[in-house]
Amino acid sequence: MSQEITFQVQPGGSLRGEIRVPGDKSMSHRSIMLGSIAEGVTHVRGFLNAEDAMSTLEAFRAMGVIIEGPVNGEVTIHGVGKHGLKAPEKPLNLGNSGTSMRLLSGLLAGQAFDCTLTGDKSLESRPMRRVTGPLAEMGAVIETQDNGTAPLHIKGQAGKLKGMHYDMPIASAQVKSCLLLAGMYAEGETSVTEPAPTRDHTERMLNGFGYPVVREGSTARIDSKGKLTATEIDVPSDISSTAFFLVGASIAPDSDVTLKHVGINPTRTGVIDILRLMGANIEVLNEREVGGEPVADLRVRSAQLKGINIPEELVPLAIDEFPVLFVAAACAEGQTVLTGAKELRVKESDRIQVMADGLQILGVDAQPTEDGMIIQGGGNIGGGEVDSHGDHRIAMSFSIAGLRANAPITIKDCANVNTSFKDVPALTTQLRLKLSML
Ligand code: S3P
């Protein structure tokens, strides 16, 4: 985190306009990882030039890959092939990015060199045994701290990993992707079964690079025989960043916003389904497919939302959007209940506790539970000072809450918004959100 940033949001207002929010973070990470180990030169457009994806980009530069850009979202990656990465001279610092750390541990477990993965305070407190455990069963040698956290010391096991089948106990795209990437370097077949559908960008992008991944029901299979051929990647807008404006335009009176070129991969659209169940007015326009991923423009207008019991099967499909969905629930008529979302406790912050604390400060009846939250909607949102705990999605969610607040909201510790957003001031001005940074 570079410097302390506080957001100050003036109450009220409506959101209007047409914008393209920054590129999808999950796809941006994967474009660098796969482009780097492909043969040939990969061009990426729409790359998210924000801190998390840049952590991945810098890690691959440190492993000898020549990467040009990003300039206006364009990146050119001179792939070194599956076995062309070089030992980094220093530990790879992955900042705040869980995706970088978990996917890289799989990709680097079977290399011909050792390396160390570090991160910021938040990342170094997040659970890593969910990846190092199954990787060890494949023959990986990765040392964690005593409580299973980073720094991770990886002893490269080139030629020694063995494929295996893994039944994931939690629905995690990061764990699935980690094991598929390790499987590209393992003898025999590696297969992963997920307990519920999770984002499938790794599988889709591997196929885009010509690397076979077989999908059978809830199981994905890979082996080490394939090779990656450089390709063109067009990264759409991140539906997780779009979600703030889907909620903002729904809760603020007289709003009408069109969000252009948004990735609507069905493993990511839980937020649209949940908001629609709550009565939101969201139109999906100009549906098309770009580079193997579905894309559309989303038009959203103000609506009176109502409280619901959020279906548990939608939880993994909206996992990053709950902070802002809690704000939607606070503005809805009646009670909203979330269950089955314990994973929220181990994200960049404990998103159940931190959101409940902040909403309570703003006068909302929000009761945290072990695996979710119970929110009584309909009440007014008040003003006050809340703490984002350095979590980018919490900072953005309370900024959106300002649209329905009756007094200013001050949000502390917002510098990490830069991990997933570029140019928040420009975006918010364009949409008329009354936000200033101190
Ligand atoms: C991600 C997967 C999700 C998500 C994270 C990005 C990815 O994590 O929360 O922001 O790019 O694979 P889990 O798979 O751990 O739920």
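In what order do the four strands of the open sheet that contains E10 lie? In this predicted model, the order is E10-E11-E13-E12, and the pairing is mixed. Strand E10 (165-167) and strand E12 (214-216) form the edges, each pairing on one side only. From one strand to the next, the twist averages 15°. E12 and strand E13 (residues 219-222) run antiparallel and are joined by three bridges. Within this pair, Glu216 has Thr219 of E13 as its bridge partner.

A second open sheet is also made of four strands, here in the order E2-E15-E17-E16, again with mixed pairing. Its edge strands are strand E2 (16-19) and strand E16 (281-290), each of which pairs on one side only. The twist in this sheet averages 15° from one strand to the next. Eight bridges connect E16 with strand E17 (residues 293-301), and the two pair in the antiparallel sense. Asn281 is placed opposite Arg301 of E17.

Helix H5 spans residues 173-183 and is mostly covered, with 11 of its 11 residues buried. At the start of H5, the backbone nitrogen of Gln174 has a side-chain oxygen of Ser172 within 3.3 Å.

Ser172, Ala173 and Gln174 are among the residues around the ligand, together with Ser26, Arg30, Thr99, Arg199, Ile319, Asp320 and Lys347. A backbone N or O atom of Ala173 lies 2.7 Å from an oxygen atom of the ligand, and a polar backbone atom of Gln174 is 2.9 Å from an oxygen atom of the ligand. From Arg30, a polar side-chain atom is placed 2.7 Å from an oxygen atom of the ligand. On its own the ligand has 380 Å² of accessible area, of which the protein covers 93%.

The disulfide count comes to zero. Cys414 counts as buried because its relative accessibility is 2%, below the cut-off of 20%. For Cys414 the closest cysteine sulfur is that of Cys331; the separation is 19 Å, and therefore too far for a bond.

Asp200 is located in the loop between strand E11 (190-193) and helix H6 (201-208). Strand E11 is also a member of the sheet with the order E10-E11-E13-E12. With a relative accessible area of 16%, Asp200 is buried, since the class requires a value under 20%. The side chains of Asp200 and Asn265 make a polar contact at 2.8 Å.

How values were computed:
Residues are numbered from 1 along each chain as its sequence is written. This is a predicted model: local features need pLDDT of at least 70, side-chain atom pairs count only at pLDDT 80 or more; totals for chains, interfaces and linings use all residues. Side-chain values use heavy atoms; hydrogens and water are left out. Two strands pair if DSSP finds at least two bridges between them. Axes are lines fitted to C-alpha atoms, for helices over the stretch in contact, and angles run from 0 to 180 degrees between N-to-C directions. Buried means under 20% relative accessible area, exposed over 50%, partly exposed in between (1.4 Å probe, protein chains only). A polar contact is a pair of N or O atoms within 3.5 Å; within protein, one must be able to donate a hydrogen and the other to accept it, and residues adjacent in sequence count only if both atoms are side-chain atoms. A residue is near a molecule or strand if one of its heavy atoms lies within 4 Å of it. Accessible areas come from the Shrake-Rupley method with a 1.4 Å probe; for residues, only the protein chains shown count as cover. A disulfide is a pair of cysteine sulfur atoms within 2.5 Å.
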